[in-house]
Amino acid sequence: MVDTRNIVILTGAGISAESGVPTFRTKSGTTYWEVYEDDLVPKYHRVEDVCTPEALARDAALVHRFYDGRRAALGRVAPNPAHAALARLDREWRGELLIVTQNVDDLHERAGARRMLHMHGALNSALCASCGARRAWEGSLPPGTACADCAAPALRPDIVFFGEMPYHMGAIERALATCDLFVSIGTSGAVYPAAGFVQTARYHGAATLELNLERSAGSAWFGETRLGPASELVPAWVDEALAQSTQSSPISR
């Protein structure tokens with residue numbers, strides 16, 4: 001950490017799981033997504049039925065209802081100590097910092113993080129499938145809702161479906177090419193392109209650190225792996241990083 005100035009952090013489902021945000025489940029080899037709807041009873045949906053462009057075209061009502069349920073569930077969860085620690089790092093780190101999250105919840109923002117990007121979209125945002133406009137959104141989003149910019153009845157959840165290009169890839173690649181340290185927190189290491197970020201960072205000479213409940217599919221690429229709950233590992237690492245940064249006086253490039 002002594003020579004670290006610029007940090008890129010990737011966060012995945014594991015950092016929000018401790019807040020009670022449902023994650024992918026695997027049952028008999030099939031991937032499911034759990035969501036608690038109005039009656040608080042868990043319901044399971046195949047990813048193919050709720051998170052692909054084909055699903056939206058085939059059954060828009062189901063897809064919109066599914067994301068309405070996930071959006072409503074945000075009110076029942078809160079940031080945990082891992083989110084709070086990264087927000088503290090964002091406030092106090094004097095070098096460059098970018099938090100890239102694969103998560104579509106708003107827990108990083110609610111904890112206070114600002115230097116961050118949502119590569120897979122956000123539950124509290126709506127996207128116009130006609131003109132590409134985005135707007136903040138709360139509550140339900142029925143199919144056929146009109147866009148305020150172009151009036152087309154084409155608003156959809158602002159979520160990157162499987163098969164679609166993640167957001168902000170240019171900015172992320174530039175940050176990975178210039179960072180001194182890449183940290184992955186709570187990720188499976190199995191979903192690309194995020195799973196390849198560690199290789200990009202290593203190629204450009206960055207140190208690499210994995211903080212995870214268990215070893216990910218990409219653990220072999222990391223220079224160091226620390227295992228345990230994110231709510232314990234992340235605050236400890238942030239304390240360490242800030243303490244060492246005080247000694248080395250990091251500055252922005």
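Which ring does the charged end of R134 sit over?

1. In this predicted model, the charged end of R134 sits over the ring of Y167. The distance from that charged end to the ring centre is 4.3 Å.

2. Three strands form an open sheet in the order β8-β7-β9, and their pairing is antiparallel. From one strand to the next, the twist averages 40°.

3. The antiparallel pairing of β7 (residues 121–128) with β9 extends over four bridges. Within β9, L155 is the bridge partner of C128. Helix α4 (residues 60–73) lies across β7 and β9 and runs at about 55° to β9.

4. The whole structure contains three aromatic pairs. In one of them, the ring centres of Y67 and F161 are 6.2 Å apart and the planes stand at 35°, so the pair is tilted. Y67 belongs to helix α4, whereas F161 lies in the loop between β9 and α7 (169–178); the pair therefore ties together parts that are 94 residues apart in sequence. Y67 counts as buried, at 1% relative accessibility, and F161 counts as buried at 1% as well.

5. Another aromatic pair, F182 with F222, is stacked, with 6.2 Å centre to centre and 20° between the planes. This pair links distant parts of the chain, 40 residues apart: F182 is in strand β10 (residues 181–185) and F222 in the loop between β11 (207–212) and β12 (224–227). Both F182 and F222 are buried.

6. Ring pairs also join F66, Y67 and F161 into a cluster.

Notes. Residues numbered from 1 in each chain as written. Predicted model: local features only at pLDDT ≥ 70, side-chain atom pairs only at ≥ 80, totals over all residues. Heavy atoms only, no water. Pairing = 2+ DSSP bridges. Helix = DSSP H or I, 4+ residues; strand = E, 2+ residues; numbered from the N terminus. Axes fitted to C-alpha atoms, helices over the stretch in contact; angles between N-to-C directions. Contact = heavy atoms within 4.5 Å. Phe/Tyr/Trp six-rings, centres within 6.5 Å; stacked < 30°, edge-to-face > 60°. Buried < 20%, exposed > 50% of the residue type's maximum accessible area, 1.4 Å probe, protein only. Lys NZ or Arg CZ within 6 Å of the ring centre and 35° of its normal.
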